[in-house]
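Here is a friendly walk through a protein model, from its sheet to its surface. Please keep the picture open as you read.

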Amino acid sequence: MYQDLLDRLRLKVEETQMVTVFLSSPFAGMEKERQLFIEQYLPILREMCDAHAVFLKVCDLRWGISAKQTELNETLLICLREISDADIFVGVYGRRYGSYYIPDDASTEWVLHSFDRAADHFPWVQQYRDRAITEVEFRHGFMRDPGTKPAIVLFRSFEYDEAMVQSNISDKEKRKYSRPREDALKKLNGMLYLHEFEMS
C-alpha cells in the first residue's frame with residue numbers, strides 16, 4: 001500500500017512540478033527542531049528538488065497566520081486547509097501538548113472559537129473540542145485516513161524535556177518543557193498510543 005502511495009505522489013509531482021510539506025508541532029518547545037530543519041535540512045531538500053525542476057513548498061505556520069486571521073478565529077481552519085492541500089505531513093512532538101481549552105482558564109476560550117470556525121468546513125472537529133489544536137493537526141494529517149498521503153511522525157523523548165527543565169535556562173523557557181497538566185498528559189499519551197498502534 002505504501003508503495004502505491006509513493007507512486008501516486010510521484011505522478012502528481014511529475015505533473016505539477018511541485019511538492020508541499022506541512023510541518024506540525026506545538027509552537028513553543030520545538031523551536032530548536034524547527035530551526036534545525038529550516039536551516040540544515042531544508043536547503044538539502046530544496047537542492048534535491050531543484051535538480052529535478054520541482055518546487056518544494058514547506059508550510060510552517062509559525063509565520064503563516066496573521067494577527068487579523070487570529071482575531072477572526074481562523075487558526076485551526078487555516079491549519080486544516082493547509083494539511084488538506086499538502087502532499088506530505090510531518091509531525092514533530094515533545095512533552096508539550098499544545099493549546100487547548102481549559103474551562104477554568106478564560107485565556108484559552110479562543111481555542112473554542114477556533115474550533116467553531118473550523119467546524120463550518122470540517123464538522124468532525126467538534127468531537128475533539130477538548131483537544132489541542134496540535135492533536136487535531138495530527139489526526140487530520142496522519143490518523144483520520146491513513147494511507148492517503150505520506151506522513152512522518154516523530155515524538156521526542158520526554159527525558160529531553162525533563163533535562164531542559166533541570167538545565168540553566170530562564171523560567172520562561174523552562175515552562176515550554178515542563179510536565180503538562182494531568183489531563184493534557186493523558187491526551188498526549190493517547191497520541192503516542194495512536195501513533196504506536198498505527199505503526200505496529
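In this predicted model, Tyr93 stands opposite Phe155 in β4. Strand β3 (residues 88-93) pairs with β4 in the parallel sense, over five bridges; strands count as paired if DSSP finds at least two bridges between them. Helices (H or I, at least four residues) and strands (E, at least two) are DSSP runs, numbered from the N terminus.

Now for the whole sheet. Four strands, in the order β2-β1-β3-β4, make up an open sheet with parallel pairing. Because β2 (55-59) and β4 (151-155) each have a single partner strand, they stand at the edges, and one side of each is left without a neighbour in the sheet. From one strand to the next, the twist averages 15°.

Axes are lines fitted to C-alpha atoms, for helices over the stretch in contact, and angles between N-to-C directions run from 0 to 180 degrees.

| Helix | Strands | Angle |
|---|---|---|
| α2 | lies across β1 (18-24), β2 and β3 | about 165° to β2 |
| α4 (residues 75-85) | touches β1, β2 and β3 | about 140° with β1 |

Helix α2 (residues 31-50) also holds Ile44. Ile44 is partly exposed, at 46% relative accessible area (buried is under 20%, exposed over 50%, partly exposed in between; 1.4 Å probe, protein chains only).

Residues are numbered from 1 along each chain as its sequence is written. Local features need pLDDT of at least 70, side-chain atom pairs count only at pLDDT 80 or more, and totals for chains, interfaces and linings use all residues, while side-chain values use heavy atoms, leaving out hydrogens and water.

Key
Contact = heavy atoms within 4.5 Å.
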